[in-house]
Protein chains: 2
Amino acid sequence: MSKQIELDLDSIQKAILHIGGLVEDRVDKALTALLQRDAALAREVIDGDNVIDDLELEVEERCLDILALRQPVAKDLRLVTGIMKINSDLERMGDLAVNIAERAEVLAFVPSLPFRPDVTRMAAVVKRMTRDGLDAMVRRDEALALRVWEMDDEADRLYRELIGEAIQFMSKNVDRLGDVMHLVGALRNLERIADHATNIAEDVIFVVEGKIVRHRVLEVKQHILDRAKRDGESTHSKK
Amino acid sequence: MSKQIELDLDSIQKAILHIGGLVEDRVDKALTALLQRDAALAREVIDGDNVIDDLELEVEERCLDILALRQPVAKDLRLVTGIMKINSDLERMGDLAVNIAERAEVLAFVPSLPFRPDVTRMAAVVKRMTRDGLDAMVRRDEALALRVWEMDDEADRLYRELIGEAIQFMSKNVDRLGDVMHLVGALRNLERIADHATNIAEDVIFVVEGKIVRHRVLEVKQHILDRAKRDGESTHSKK
């Protein structure tokens with residue numbers, strides 16, 4: 001591997017982690033705005049989206065340049081294409097955080113809805129998935145990536161529970177229908193953030209393992225577990 | 001350009017158009033199942049998702065092979081990376097069609113909801129966007145791609161209108177709340193299909209123009225219009 005490609009790869013990895021940090025912060029703030037009914041914080045998230053958009057374009061252009069000029073192969077090629085995908089997932093997570101903030105801004109000005117504890121739990125799971133997906137990338141930790149994937153089931157379960165409660169509540173409080181629909185919109189965006197975190201986890205496994213995970217979860221999971229066993233250590237202790 | 005890369009590029013383009021045709025068919029069937037309350041057709045869509053998933057993986061692997069083995073540059077590189085993105089959008093459109101079919105299956109067994117004409121209109125716009133996005137790819141027609149993009153505003157407008165009507169209806173028919181929420185879920189998935197069709201249009205412009213459109217729509221649009229003017233013909237007559 002030439003010195004130059006090493007520098008290039010290092011630099012796009014730093015850039016993607018920088019974007020990841022910004023996205024994590026925005027998801028965090030959007031959820032805090034929603035849970036604490038903080039309209040000013042919601043507005044801050046809504047107004048600050050351009051930074052991530054610009055960085056996303058920059059990373060994509062740099063990845064394309066690396067493909068064209070350095071013509072990476074094998075692991076390096078996987079890293080560049082993996083980063084292109086993660087980049088695109090992060091940008092959408094940023095957009096979804098804005099959508100949550102828009103709902104949070106509306107909901108900050110109406111009477112409180114009775115869903116806070118469960119929304120808090122779902123928010124915690126999704127924030128954890130976002131954080132762990134990025135950590136898995138930094139550490140090339142496919143076992144952590146697998147756990148992000150498993151957490152998505154928990155996020156889906158909490159989402160379905162909350163939607164069920166929202167429908168129950170609406171049927172008894174028809175006057176709050178419009179407000180609850182804003183909350184439902186926020187939850188739906190949260191659930192999509194979890195999906196993108198899962199995509200990132202899949203991309204990390206692709207970068208590390210060279211395997212496309214999508215639609216093949218059980219097969220790839222078994223492979224990772226078998227190898228961990230063969231190595232005589234639990235996948236967990238690898239970190 | 002070597003003969004081999006020409007054959008490779010031709011072959012992945014054929015593959016992506018094949019997937020595109022399948023996805024179009026599934027979106028179409030899911031919407032017909034929803035509008036005509038056809039549970040058997042909904043089930044057909046739900047059961048047939050694996051084919052697209054397998055093809056998507058195959059195209060992704062072939063694109064990675066082309067990047068590694070043929071090391072395309074300039075326009076060829078844009079084509080390969082553009083196809084990788086379109087591939088991923090198509091796969092998600094297929095998943096969203098399944099989600100719509102799942103809602104359609106539930107709704108086929110409950111009394112009809114009074115939203116059919118407007119849902120039909122939104123369905124027509126989104127089907128058109130899907131079809132035109134793929135056609136723009138086949139013909140390398142950036143003016144058609146721009147129109148897909150503009151149609152997304154119409155899809156968004158119809159979506160917002162329908163959600164407003166759904167909330168109105170629910171407030172007067174609390175006993176139908178759960179059913180309407182299934183319709184809302186189907187509409188939301190339809191709106192996301194429109195977003196993916198818009199992504200495909202952006203990717204077509206990237207492949208043709210070498211410009212990343214995202215977040216820069218006005219700038220790129222002006223460039224395309226200016227060039228069309230300079231060429232002494234309307235962008236429309238290019239097709």
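Leaving aside neighbours within four places in sequence, which residues is B:Lys127 in contact with? In this predicted model, the contact partners of B:Lys127 beyond that range are B:Val27, B:Asp28 and B:Leu31.

**B:Lys127 and its surroundings**

- B:Lys127 belongs to helix 5 of chain B, which covers residues 116–139.
- B:Lys127 counts as partly exposed because 18 C-beta neighbours lie inside 10 Å, whereas a buried residue would need 20 or more and an exposed one 12 or fewer.
- Between B:Lys127 and B:Leu57 there are 70 residues of separation in sequence, and their C-alpha atoms are 24 Å apart in space.

**Helix 4 of chain B**

- Helix 4 of chain B runs through residues 74–107 and has 34 residues.
- At 1.5 Å a residue, helix 4 should span 50 Å, and the distance of 49 Å between its end C-alpha atoms therefore agrees with that expectation.
- Helix 4 of chain B is mostly covered, as 24 of its 34 residues are buried.

- Chain B is superposed on chain A by a rotation of 180° with 0.0 Å of shift along the axis, at an RMSD of 0.0 Å.
- This is the relation of a two-fold axis.
- The C-alpha of B:Gln71 is the nearest to the axis in chain B, at 3.0 Å from it.
- Both copies use the same surface, since 100% of the contact residues of chain B recur in chain A.

Methods. Residues are numbered from 1 along each chain as its sequence is written. Chains are lettered from A and ligands numbered from 1 in the order in which they are written. This is a predicted model: local features need pLDDT of at least 70, side-chain atom pairs count only at pLDDT 80 or more; totals for chains, interfaces and linings use all residues. Copies are superposed by least squares on the C-alpha atoms of residues with pLDDT of at least 70 in both. Two residues are in contact if their C-beta atoms, placed from the backbone, lie within 7 Å. Helices (H or I, at least four residues) and strands (E, at least two) are DSSP runs, numbered from the N terminus. The expected span of a helix is 1.5 Å times one less than its number of residues.
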